[in-house]
Amino acid sequence: MSKYLLDKFLFTIDRDPELVERYREDAAGTVAWWEEELANRILNCTSGERSTWLAFTDEERQALVAQDHVTLFRMGAHPFLTLTLFIAMFERDHGPLEYQKAYGKALQHLTLPYPDIAT
């Protein structure tokens, strides 16, 4: 499992409005495309600079496709990254702050110590 790769996915999708919409409409296709095209790209370098070994585990891929922020949090994905991306994706479907309240409520059963979010 790579918390770095989960966070990289959340970060890069959230920074591009077109990718936010793509992930909202076709999560499975977006995750598969991103893993193939961007997972091994080194951010802020020339496009020729790439890694070769990064890939999601089946569990990570499933949580990203399901857009399951609780499971992503348990895996160690940074909660700020899931919150900001999922606000961009889902807040429009709810009243003001309703999505944020639902996000927090879904996590309220978790107790200390919280999963380590360091990468």
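## Helix packing and aromatic pairs

In this predicted model, F9, T12, I13 and D14 of helix α1 meet L19, V20 and Y23 of helix α2, where contact means heavy atoms within 4.5 Å. By class, this contact has five nonpolar residues, one polar and one charged. Helices here are DSSP runs (H or I, at least four residues), numbered from the N terminus. Residues are numbered from 1 along each chain as its sequence is written. Local features need pLDDT of at least 70, and side-chain atom pairs count only at pLDDT 80 or more.

Let's turn to helix α3. Spanning residues 27-37, α3 has A27, T30, V31, W34 and E35 buried (under 20% relative accessible area, 1.4 Å probe, protein chains only). Their cover includes α1, α2 and α4.

Now for the core. F9, Y23 and L64 have the most contacts inside the largest nonpolar core, which has 31 residues; such a core is a set of buried Ala, Val, Leu, Ile, Met, Phe, Trp, Tyr and Cys residues joined through side-chain atoms within 4.5 Å. Among the residues that L64 touches are L6, F9, Y23, V31 and F56.

Which residues do ring pairs link into a cluster? They are F9, Y23, W34 and F56. Rings of Phe, Tyr and Trp (its six-membered ring) pair if their centres lie within 6.5 Å; planes under 30 degrees apart count as stacked, over 60 as edge-to-face and the rest as tilted. The whole structure has seven aromatic pairs, including these:

| Pair | Centre to centre | Angle between planes | Type |
|---|---|---|---|
| W34 and F56 | 5.7 Å | 25° | stacked |
| F90 and Y99 | 5.8 Å | 40° | tilted |

Both W34 and F56 are buried.

Terms used: Side-chain values use heavy atoms; hydrogens and water are left out. Helices (H or I, at least four residues) and strands (E, at least two) are DSSP runs, numbered from the N terminus. Ala, Val, Leu, Ile, Met, Phe, Trp, Tyr, Cys and Pro count as nonpolar, Asp, Glu, Lys and Arg as charged, and the others, Gly among them, as polar. Buried means under 20% relative accessible area, exposed over 50%, partly exposed in between (1.4 Å probe, protein chains only). Lists of a residue's contacts leave out its neighbours within four places in sequence.
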